[in-house]
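Good morning, and thank you for coming. Please look at the structure now on the screen; I shall begin with one residue and then turn to the chain as a whole.

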Amino acid sequence: MIDAAIDAFATKGFHGTTTRDIASAAGMSPAALYVHYRSKEELLHRISKTGHEATLQLVRDSVATSTDPVEQLTELVRQFTMSHARGSTSARIVNYEMAALNPEHRAEIRAIRRSIDAALRSVLDAGLASGAFHTPDTHLTAAALLSLGIDIARWYRADGDWTPEQIAEHYCMMALRIVGAA
């Protein structure tokens with residue numbers, strides 16, 4: 001059902017997708033959806049929460065690979081970029097359908113996003129403190145770096161010109177330039 005919802009939301013958008021579309025793609029009756037989820041919005045929340053929690057874990061795992069801020073940032077950008085390319089369809093839903101969530105669910109997702117941002121900012125702050133990075137505003141820098149990775153979900157196509165690995169390597173180079181690393 002989750003995969004069917006992701007495909008339907010990616011094709012028609014949240015508001016253009018009906019519960020009948022999702023149930024039909026999953027090979028179920030429309031009533032079967034309500035056995036598992038109270039609403040289409042609850043299904044979107046589940047997809048969004050799972051995606052954001054996985055991204056937060058990916059960020060934390062990337063930071064844990066080293067104590068050197070340059071290495072931490074490089075690994076974080078590499079993994080974040082590849083994740084958004086490899087999972088571009090679900091990443092598009094997770095990142096661009098948030099407005100369809102009810103206020104409580106949206107607040108929950110925003111809290112996870114703040115944790116992702118805080119983890120990245122801690123790397124940037126450590127790099128700034130060590131002299132490895134030179135950026136006047138780590139909040140704005142973090143927003144720019146996260147936006148670069150997130151936006152991959154809008155344009156990446158598996159049959160395109162670049163592999164996720166090629167994009168990640170280029171984004172790592174750009175990230176180090178953005179933070180003013182030597």
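**Lys-40 and its surroundings**

Apart from its neighbours within four places in sequence, Lys-40 is in contact (heavy atoms within 4.5 Å) with Phe-9, Phe-14, His-15, Thr-17, Thr-19 and Ile-22. This is a predicted model, in which local features need pLDDT of at least 70, side-chain atom pairs count only at pLDDT 80 or more, and totals for chains, interfaces and linings use all residues. Residues are numbered from 1 along each chain as its sequence is written, and side-chain values use heavy atoms, with hydrogens and water left out.

Lys-40 belongs to helix 4, residues 40-63; a helix here is a DSSP run of H or I with at least four residues, numbered from the N terminus. Is Lys-40 buried or exposed? Lys-40 is buried, that is, under 20% relative accessible area with a 1.4 Å probe, protein chains only. What the side chain of Lys-40 does reach is the backbone oxygen of Phe-14, at 2.8 Å.

Let me now turn to the whole chain. The chain holds nine helices and zero strands. Its C-alpha atoms fill a box of roughly 60 × 40 × 25 Å along the principal axes. Of the 182 residues in the chain, 45% are buried.

Technical notes. Helices (H or I, at least four residues) and strands (E, at least two) are DSSP runs, numbered from the N terminus. Buried means under 20% relative accessible area, exposed over 50%, partly exposed in between (1.4 Å probe, protein chains only). Lys and Arg count as positive and Asp and Glu as negative; His and the chain ends are not counted. A salt bridge is a side-chain nitrogen of Lys or Arg within 4 Å of a carboxyl oxygen of Asp or Glu. A polar contact is a pair of N or O atoms within 3.5 Å; within protein, one must be able to donate a hydrogen and the other to accept it, and residues adjacent in sequence count only if both atoms are side-chain atoms.
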